[in-house]
Amino acid sequence: MENRLPTSDPQFVESLIPQRFPFVMVDSIAEYSESHLVSGFEIREENIFVLDGIFQASGLVEHQAQSVALHTGYKFYLLGKEAPTGYIGAIKTFEAMALPKTGDRLKSEISIINEMMGVTLVDVVTTLKDEVIARSQMKTVIM
């Protein structure tokens, strides 16, 4: 398969994750490696996690988890395989320093700490205009 990065083609990005509208919280990939991914997401008013123009912390968690799923999905895309379904196995830490507003564009950087037997431990840092607004460490599990 061809390397199509960077991409902000929402149909291509959505094809890499198991979630579907209205539950999609990623819309671009800027960088990818075996241990790293940079994703993006523009917050729109109709988003299910927006309340009074503010993207809620639960939306940030979902955006971060989908960024991890995007890493897995893109890896399988490059291998010419269909991406497996996964889920959040555990959230070790999560901290939101600020909540973004509609129209804001999030950038999340995931770093794979360990990957073994379908369980992936990652650090995720989400920024808005180069300022860190959320960070987490979570485990995701592939079914």
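# Close-up views of a predicted model

View 1. Look for Asp104 in the loop that runs between β5 (86–96) and β6 (105–116). Although Asp104 is buried, it takes part in no salt bridge. Its nearest side chain of opposite charge belongs to Lys129, at 4.5 Å, and a salt bridge needs the nitrogen and the carboxyl oxygen to be within 4 Å. If neighbours within four places in sequence are set aside, the contacts of Asp104 are Phe41, Glu42, Ile43, Leu128 and Lys129.

**View 2. The salt bridge of Asp27 and Arg105.** Three salt bridges are found in the structure, and one of them joins the side chains of Asp27 and Arg105, with N and O 2.8 Å apart. Asp27 sits in the loop between α1 (10–15) and β1 (28–33), while Arg105 belongs to strand β6, so this pair ties together parts of the chain that lie 78 residues apart in sequence. Are the two partners buried or partly exposed? Asp27 is buried, at 15% relative accessible area, whereas Arg105 is partly exposed, at 37%.

**View 3. Lys75 and Glu115, a salt bridge from helix to strand.** Here the side chains of Lys75 and Glu115 come together in a salt bridge, 3.0 Å from N to O. Lys75 is part of helix α2 (residues 57–78) and Glu115 is part of strand β6, so the pair links parts 40 residues apart in sequence. Lys75 counts as buried, with a relative accessibility of 15%; Glu115 is partly exposed, with 35%.

View 4. Lys107 of β6 makes a handy landmark: Gly40 stands opposite Lys107, and Lys107 in turn stands opposite Thr127 in β7. As you follow the strands, keep in mind that side chains alternate between the two faces of the sheet in a regular strand. At the hairpin of β6 and β7, two residues separate the strands, and Met117 adopts a positive phi near 50°.

**View 5. Gly40 in strand β2.** Gly40 is a residue of strand β2 and is buried, with a relative accessible area of 4%. From C-alpha to C-alpha, Gly40 is 9.6 Å from Thr127, although the two are 87 residues apart in sequence. Beyond four places in sequence, Gly40 is in contact with Val26, Asp27, Ser28, His63, Arg105 and Leu106.

View 6. His36 is placed in strand β2 and counts as buried, at 16% relative accessibility. Its side chain makes a polar contact of 3.2 Å with the side chain of Glu31. With residues up to four places away left out, His36 touches Glu31, His71, Glu109, Ile110, Ser111 and Ile112.

View 7. Seven aromatic pairs turn up in a search of the whole structure. In the pair formed by Phe12 and Tyr74, the ring centres are 6.4 Å apart and the planes stand at 90°, so the arrangement is edge-to-face. Phe12 comes from helix α1 and Tyr74 from helix α2, so the pair ties together parts 62 residues apart in sequence. Phe12 is buried, at 6% relative accessible area, and Tyr74 is also buried, at 0% relative accessibility. Together with Tyr32 and Tyr77, Phe12 and Tyr74 make up one aromatic cluster.

Notes. Residues numbered from 1 in each chain as written. Predicted model: local features only at pLDDT ≥ 70, side-chain atom pairs only at ≥ 80, totals over all residues. Heavy atoms only, no water. Helix = DSSP H or I, 4+ residues; strand = E, 2+ residues; numbered from the N terminus. Buried < 20%, exposed > 50% of the residue type's maximum accessible area, 1.4 Å probe, protein only. Lys, Arg positive; Asp, Glu negative; His and termini not counted. Contact = heavy atoms within 4.5 Å. Pairing = 2+ DSSP bridges. Phe/Tyr/Trp six-rings, centres within 6.5 Å; stacked < 30°, edge-to-face > 60°. Polar contact = N/O pair within 3.5 Å; in protein donor to acceptor, adjacent residues only side chain to side chain.
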